[in-house]
Amino acid sequence: MPKVSHKGATMPQSPIRKLVPFAEAAKKNGVEVIHLNIGQPDIKTPKVALDAVRNNTLEVLEYSRSEGSEEYRQKLAGYYAKNDIHVNAHDIIITTGGSEALAFTMGSIMDTDDEIIVPEPFYANYNGFATAAGVKVVPVTSYIDSNFALPPIEEFEKRITPKTKAILICNPGNPTGYLYTKEEIKKLAAIVKRHDLFLVADEVYREFAYDGRQHYSILQEEGLEQHAIIVDSVSKRYSMCGARIGCLVTRNQEIIKTALKFAQARLSPPTFAQMASEAALETPQSYFDDVKEEYTQRRNLLVAELEKIEGVRIGNPQGAFYCIAELPIDDADHFAQWLLEDFRFEGETVMVAPAAGFYATEGLGKNQIRIAYVLDRESLKRAVNILKEALKSYTHSEAI
């Protein structure tokens, strides 16, 4: 019998979606499942974006340009300028989601067996993109004790080898909610310049910075013109996850030329979704102000309620809409499956994402979960109460 590829066999399963069959089985049995496992916002998509698709007058749904429409990229450059990121349309390639932007980036800057340094825990699919590209992820561990702050630069230095090509960060972070400071970005800038590396930043949560903090982009840092690459997306910013529109942004024209080859190979990004994304740029600032306030209140409630549970430790998010919670258990994978298969509280249960899949170092995150606070406050409070009751029952059953 023919065999699947080694890449396919070693491709990691999503820790966010691998429990879906158990959740679906629970729902079929009449159980209400509260989803804390996936970053699908419940915030309404801006009407202006939806109307752009509803009211279009296209008679032929043509290919767009491989790099995305000129008009959208020009308007996107205007969006970045408002955020003190000064780029031109020719510095941008529109992609099918931020995922494709990261895949294009890895394909453009790395060869098989090259290495990329990533602070962990990190967005789980980075492992998948690296596996697909034949690239080795070299983790630098951040810890809940320091709220997942940037590890010491010395730890990065220790891991740099002749095969190291880049450092990858997510800012603000998924799954931790950590927001890198300007000083931390400057430290990373210094090390990539010193070792002639690329600095790749996944900045899809740029708008979600709390408590008066400001997001500082790697493209705001001078001297990184040839080193800095941004991966971005409309998914979270405008609650448009299904649009699948992202972009790769860099002033390094050699990368743009190379990434465009990958873009041409997949022909073009989706036309309707580009229309919606272009229109979304007209979304007023009040939309983001309201969304940020709502997420701040959700975060505050979630952290306060989790802190009431004996034995639970929480990283306090400064951005995005995730947190890592450390539970008084040994195996979060088993616990998450048990929640869906065996536990009910007043006809409900919760679905969480075990955090081990967000680490590259074997054994880390085994007693942690990622929670996405993308639900209304009443649902969040109910979910944490269910989690509290579940932990009581689970630890008792473990003792037996």
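## Basis of the model

Because the model is predicted, local features need pLDDT of at least 70 and side-chain atom pairs count only at pLDDT 80 or more, while totals for chains, interfaces and linings use all residues. Residues are numbered from 1 along each chain as its sequence is written, and side-chain values use heavy atoms, with hydrogens and water left out.

## Helix 5 and its two partners

Helix 5 (residues 97-109) and helix 9 (residues 253-265) have axes that come within 9 Å and cross at roughly 120 degrees; helices here are DSSP runs of H or I with at least four residues, strands are runs of E with at least two, and both are numbered from the N terminus. Axes are lines fitted to C-alpha atoms, for helices over the stretch in contact, and angles run from 0 to 180 degrees between N-to-C directions. The angle makes helix 5 oblique to helix 9, since angles under 35 degrees count as roughly parallel, over 145 as roughly antiparallel, 65 to 115 as roughly perpendicular and the rest as oblique. On the helix 5 side, Phe-104, Gly-107, Ser-108 and Ile-109 meet Ile-255, Thr-258, Ala-259, Phe-262 and Ala-263 of helix 9, where contact means heavy atoms within 4.5 Å. The residues of this contact divide into six nonpolar, three polar and no charged; Ala, Val, Leu, Ile, Met, Phe, Trp, Tyr, Cys and Pro count as nonpolar, Asp, Glu, Lys and Arg as charged, and the others, Gly among them, as polar.

With helix 6 (residues 125-133), the axis of helix 5 comes within 10 Å and crosses at roughly 40 degrees, which makes helix 5 oblique to helix 6. Here Ser-99, Leu-102 and Met-106 of helix 5 touch Tyr-126, Phe-129, Ala-130 and Ala-133 of helix 6, and this contact has six nonpolar residues, one polar and no charged.

## Helix 3 against helix 10

The axes of helix 3 (residues 47-54) and helix 10 (residues 271-280) come within 7 Å and cross at roughly 145 degrees. Val-48, Ala-49, Ala-52 and Val-53 of helix 3 make the contact with Phe-272, Met-275, Ala-276, Ala-279 and Ala-280 of helix 10, and by class there are nine nonpolar, no polar and no charged residues in it.

## The largest pocket

The largest pocket has a volume of about 590 Å³. On a 1 Å grid over the protein atoms alone, a pocket is an open set of points with protein on both sides within 12 Å along at least five of seven lines, a cavity is a set where a 1.4 Å probe fits but cannot get out, and lining residues have an atom within 4 Å of a point. Grid points are joined across faces, edges and corners, and a volume is the space filled by probe spheres set on the points.

Of the 23 residues that line the largest pocket, Tyr-79, Lys-82, Asn-83, Glu-207 and Gln-285 lie nearest its centre. Helix 4 supplies the largest share of this lining, four residues, and the lining as a whole divides into seven nonpolar, eight polar and eight charged residues.
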